[in-house]
Amino acid sequence: MSRKKKALPLYPSVEVVTVAAEGKAIAKVDNMVVFVPYVVPGDIIDIQVTRKKNSYAEGKAVRFEKYSDNRCEAFCQHFGICGGCKWQILPYSEQLKYKQDQVSNDLTRIGHIEIPEIQPILGSEKTQFYRNKLEFTFSNKKWLTLEQINSGEVFEYMDAVGFHIPGMFDKVLDINKCWLQDDISNQVRNFVRDYCHEKGYTFFNLKFKGGLMRTLIIRTSTIGELMVIVVFYEDDKEAQEDILNAIGDRFPQITSLLYILNEKANDTITDQEVLTWRGNDYIYEEMEGLKFKIGPKSFYQTNSEQAYNLYKVARDFAGLTGDELVYDLYTGTGTIANFVAKQARKVVGIEYVEDAIEDAKVNSLNNKIDNTLFYAGDMKDILTQEFINEHGKPDVIITDPPRAGMHEDVVNVILFAEPQRIVYVSCNPATQARDLNLLDEKYKVVKVQPVDMFPHTHHVENVVLLERK
């Protein structure tokens with residue numbers, strides 16, 4: 001005999017008290033924390049619980065009794081549906097305040113170490129159109145909003161180019177205007193969608209795997225260079241040629257028009273051959289007179305202008321005089337390594353992605369920098385005591401790991417190397433705090449500088465300077 005599922009409660013007139021992880025906010029009901037998206041502190045709402053555990057609940061606002069004074073209008077028509085930019089309804093000054101608090105809370109609660117007074121967060125001058133890279137998915141299963149479903153309209157055209165709906169791998173929201181990247185990105189995406197629709201080219205079916213058009217990647221640079229990568233699923237040469245020519249003719253400002261045939265199960269292109277249709281197979285970015293080559297697979301900080309401020313903080317914290325041996329861990333395309341090279345005796349960069357390391361070497365060559373060395377491979381396999389003994393103990397280590405932080409083996413080798421200073425750049429203060437705790441046996445934190453790279457999101461970068469005790 002089946003048991004009837006217990007109805008989840010509705011909590012009336014609850015005040016939202018603060019923000020939480022993943023862009024959600026927190027309300028409290030009888031000392032129980034309730035996580036609610038798309039609300040801000042000060043809102044008074046009715047909460048329909050959608051998930052209930054012993055110690056917390058998740059819910060959604062079904063009625064606003066009072067709007068917070070700390071609230072602003074969302075500027076994007078897709079807000080609340082696409083899943084990105086969740087803090088658009090929070091004034092930017094308030095976003096910065098909560099990001100500053102997040103860094104402080106993570107370092108103290110997770111790190112359990114002594115930290116100095118945290119410097120005020122560096123906000124991003126641009127809060128719209130600040131990204132240099134976006135990836136859009138083609139789908140023949142367009143996501144319909146409740147309003148569209150309830151309108152009674154019949155949707156014969158179900159193709160979409162846009163972003164995955166959170167938690168729905170096979171549904172894509174058709175994007176009309178995204179405020180994250182220069183508007184040329186919107187123009188290219190909408191043109192490709194409309195052109196393919198007019199010509200009857202099929203969009204990818206994410207569930208059953210089929211269709212011509214798979215993904216579209218657009219990269220821009222602050223010096224006006226533009227890379228467009230079209231990823232096809234089906235190998236229809238005639239259709240591919242027609243689409244690529246149409247894009248190139250419509251947008252002559254494209255400096256790098258590339259394409260990929262990806263017939264495997266996932267969307268990643270790191271293991272795929274990238275073919276050049278028109279222009280170069282790279283674009284350039286500039287920073288303080290240095291030119292950086294960015295290929296289709298290269299990692300580059302996605303907020304170019306704020307990346308410059310981030311790197312200036314890292315260079316300042318490194319305190320270079322020209323005599324230091326610097327190790328740059330997780331160097332990517334060697335941006336930080338080349339950025340600090342003129343102030344160092346020698347810089348050794350290590351990165352997992354081989355293509356990125358080749359770009360790093362080219363970046364040194366193009367900028368006439370001759371005091372860098374780059375190595376490709378898994379960090380914990382490359383950075384060993386033998387490597388340190390061969391290349392010398394560094395005076396300064398700069399590390400900028402992925403969100404997961406550093407492998408414990410890497411931390412142990414850093415402790416063995418005993419540099420005078422460590423500059424730790426992180427996109428995840430929580431894992432940074434964990435690593436700082438491991439480094440605490442030999443190092444003390446002397447400076448902390450949060451940097452906001454991603455306005456309207458909960459993400460925050462943080463730079464920490466450690467000195468040997």
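Which exposed residues does the face of helix 7 turned away from its buried side carry? The views below come from a predicted model, and the second one answers this.

**View 1. Helix 7 and its length.** Helix 7 runs over residues 354-366 and has 13 residues. From its first C-alpha to its last, helix 7 reaches 18 Å. That is close to the 18 Å expected at 1.5 Å a residue. Just after helix 7 comes lysine 368, with a positive phi of about 55°.

View 2. Buried in helix 7 are Ala356, Ile357, Asp359, Ala360, Asn363 and Ser364. They lie on the same side of helix 7, because they cover an arc of only 155° around the axis. An α-helix has 3.6 residues a turn, so residues three or four places apart point the same way. The face turned away from the buried side carries the exposed residues Glu354 and Leu365.

**View 3. What covers helix 7.** The buried residues of helix 7 are covered by several elements, including strand 14 (290-294) and helix 6 (335-340). Strand 16 (346-351) and strand 17 (372-376) are also among the covering elements.

**View 4. Glutamine 301, an annotated binding-site position.** An unreviewed UniProt entry gives "binding site" for Gln301, Tyr330, Glu351 and Asp400. Glutamine 301 sits in the loop between strand 14 and helix 5 (304-318). Is glutamine 301 buried or exposed? Glutamine 301 counts as buried, because its relative accessibility is 5%, under the 20% cut-off. Leaving aside neighbours within four places in sequence, glutamine 301 contacts Asn132, Ala307, Leu310, Tyr311, Asp400, Met453 and Glu461. Asp400 in that list is itself annotated "binding site" in the UniProt entry.

**View 5. Aspartate 400 and its contacts.** Aspartate 400 is placed in the loop between strand 18 (396-399) and helix 10 (408-417). Its relative accessibility is 14%, so aspartate 400 counts as buried. Not counting residues up to four places away in sequence, aspartate 400 touches Gln301, Leu329, Tyr330, Ile336 and Val425.

**View 6. Cysteine 427, the annotated active-site position.** For "active site", UniProt lists Cys427 in an unreviewed entry. Where is cysteine 427 found? Cysteine 427 is in the loop between strand 19 (421-426) and helix 11 (429-439). Neighbours within four places in sequence aside, cysteine 427 is in contact with Pro401, Pro402, Arg403, Val460 and Glu461. Glu461 is also one of the contacts of glutamine 301.

Terms used. Residues are numbered from 1 along each chain as its sequence is written. This is a predicted model: local features need pLDDT of at least 70, side-chain atom pairs count only at pLDDT 80 or more; totals for chains, interfaces and linings use all residues. Side-chain values use heavy atoms; hydrogens and water are left out. UniProt positions are given in the numbering used here, feature names are shortened, and annotations may be inferred rather than shown by experiment. Helices (H or I, at least four residues) and strands (E, at least two) are DSSP runs, numbered from the N terminus. Contact means heavy atoms within 4.5 Å. The expected span of a helix is 1.5 Å times one less than its number of residues. Buried means under 20% relative accessible area, exposed over 50%, partly exposed in between (1.4 Å probe, protein chains only). The arc is that of the directions from the helix axis to the C-beta atoms.
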